[in-house]
Amino acid sequence: MAEMGSKGVTAGKIASNVQKKLTRAQEKVLQKLGKADETKDEQFEQCVQNFNKQLTEGTRLQKDLRTYLASVKAMHEASKKLNECLQEVYEPDWPGRDEANKIAENNDLLWLDYHQKLVDQALLTMDTYLGQFPDIKSRIAKRGRKLVDYDSARHHYESLQTAKKKDEAKIAKAEEELIKAQKVFEEMNVDLQEELPSLWNSRVGFYVNTFQSIAGLEENFHKEMSKLNESLNDVLVSLEKQHGSNTFTVKAQPRKKTKLLSRLLRKKNSDNAPAKGNKSPSPPPDGSPAATPEIRVNHEPEPPSSATTGATLPKSPSQSSLPAVVVETFSATVNGTVEGGSGAGRLDLPPGFMFKVQAQHDYVATDTDELQLKAGDVVLVIPFQNPEEQDEGWLMGVKESDWNQHKELEKCRGVFPENFTERVQ
């Protein structure tokens with residue numbers, strides 16, 4: 001019997017809830033159609049808007065904070081891998097090995113501590129702050145339902161009072177239900193009217209505390225990390241001093257392309273050698289300084305001395321055995337880009353001048369057509385006459401000091417490695 005009674009109570013409760021939902025749905029339809037008035041509280045609606053805005057902002061802050069923490073963890077892993085690499089390449093007999101290992105350990109501990117403090121002082125606080133929103137959101141929704149119940153009870157009571165045939169018993173019951181619905185609604189409404197403004201105002205202090213914690217933790221982390229980096233730098237400086245002869249040096253990119261023009265000039269020079277019986281002096285014996293004439297490869301055309309296109313330049317004494325050069329254009333391909341000679345026609349710059357570079361390292365020439373550079377030298381870059389002769393990573397130019405002194409490309413120009421220089425103009 002008790003079981004039957006329990007089932008009866010449960011069924012009755014379900015039926016009551018279904019009836020409430022139907023009544024609320026009917027009331028909302030009537031209100032939307034304008035056939036029933038709706039109780040409104042503009043001040044409370046503003047509080048609800050603020051609540052939703054606060055919830056959205058808090059949820060975004062929580063998401064971004066989790067992203068930040070994930071980034072800190074990723075940076076920790078990357079830093080750990082980098083230090084492990086240093087430990088592997090740091091040979092046992094190098095000075096400072098133990099110090100470097102200790103710095104790596106402290107670096108790892110510092111990252112772990114930073115991440116954990118961010119979790120404790122920022123993320124957990126954030127979670128606690130947002131933990132109060134679901135309950136309040138549920139209560140706001142319940143208040144809305146109770147408000148519909150109150151309006152429905154009020155309209156039912158009013159309709160019974162205005163009916164032609166009044167049933168006092170029904171009116172009394174409707175009035176009782178109205179008072180009950182009004183009481184339930186007002187209790188929830190009063191509580192929320194107090195809580196929502198207080199919650200809205202609390203956001204300022206929460207944001208201040210959260211970001212102060214993050215900023216303070218990050219500031220302290222970077223201070224401690226700076227000390228570790230300074231110590232590591234001291235260890236590496238000490239290593240460099242003791243192994244100074246093995247320091248890394250900048251190297252030029254190898255010149256792989258065949259110096260075709262140079263070979264052609266040498267062949268031409270050989271073909272023009274004086275024949276037997278000629279009155280020209282005989283060549284010096286092999287091995288003497290004059291046995292191998294210095295040949296400078298002219299990669300850059302001189303300005304034409306004649307207004308006629310294609311006119312040949314007169315041979316200078318030092319070029320008596322070299323072929324004449326035909327002047328056609330001052331454009332060249334540098335690093336894959338076709339550039340025109342911006343210096344053509346300017347007396348203060350070499351023909352075909354494109355831009356200036358400054359040597360960042362000393363370079364010792366290894367061939368007769370290369371420039372010898374000292375750090376700080378300024379070089380005026382000019383194009384190659386034949387772009388196919390340009391090796392990757394090499395430029396043609398003349399040192400500015402030599403150009404200002406001689407104004408002759410034949411004596412001054414040469415090729416040089418681009419990675420030893422830096423463009424300045």
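User: Before we start, what are the ground rules for numbering and confidence?
Analyst: Residues are numbered from 1 along each chain as its sequence is written, and side-chain values use heavy atoms, with hydrogens and water left out. The model is predicted, so to speak of local features takes pLDDT of at least 70, totals for chains, interfaces and linings use all residues, and side-chain atom pairs count only at pLDDT 80 or more.

User: How many aromatic pairs does the structure hold?
Analyst: Rings of Phe, Tyr and Trp (its six-membered ring) pair if their centres lie within 6.5 Å; planes under 30 degrees apart are stacked, over 60 edge-to-face, and the rest tilted. By that rule the structure's count of aromatic pairs is ten.

User: What kind of pair do Tyr150 and Phe185 form?
Analyst: Their ring centres are 6.1 Å apart, with 10 degrees between the planes. That makes the pair stacked.

User: Which helices does that pair tie together?
Analyst: Helices here are DSSP runs (H or I, at least four residues) and strands likewise (E, at least two), numbered from the N terminus. Tyr150 and Phe185 are 35 residues apart in sequence, so the pair ties together separate parts: helix H4 (residues 133–161) and helix H5 (residues 168–242).

User: Are Tyr150 and Phe185 buried or exposed?
Analyst: The scale is relative accessible area: under 20% is buried, over 50% exposed, and in between partly exposed (1.4 Å probe, protein chains only). On that scale Tyr150 and Phe185 are both buried.

User: Why is the pair of Tyr363 and Phe420 edge-to-face?
Analyst: The ring centres are 5.3 Å apart. The planes sit at 70 degrees, so the pair is edge-to-face.

User: Which ring does the charged end of Arg203 sit over?
Analyst: The test wants NZ of Lys or CZ of Arg within 6 Å of the ring centre and within 35 degrees of the ring normal. Arg203 is 3.6 Å from the centre of the ring it sits over, that of Trp200.

User: What is the N to O distance in the salt bridge of Asp377 and Lys399?
Analyst: A salt bridge needs a side-chain nitrogen of Lys or Arg within 4 Å of a carboxyl oxygen of Asp or Glu. The pair links distant parts of the chain, with Asp377 in the loop between E3 and E4 and Lys399 in strand E5, 22 residues apart. Lys399 is buried, at 16% relative accessible area. The N to O distance is 4.0 Å.

User: How far apart are the closest N and O atoms of Glu57 and Lys53?
Analyst: Glu57 and Lys53 are four residues apart in helix H2 (residues 42–89), so about one helical turn separates them. Glu57 is partly exposed at 29%, and Lys53 is partly exposed at 42%. Their salt bridge has its closest N and O atoms 2.9 Å apart.
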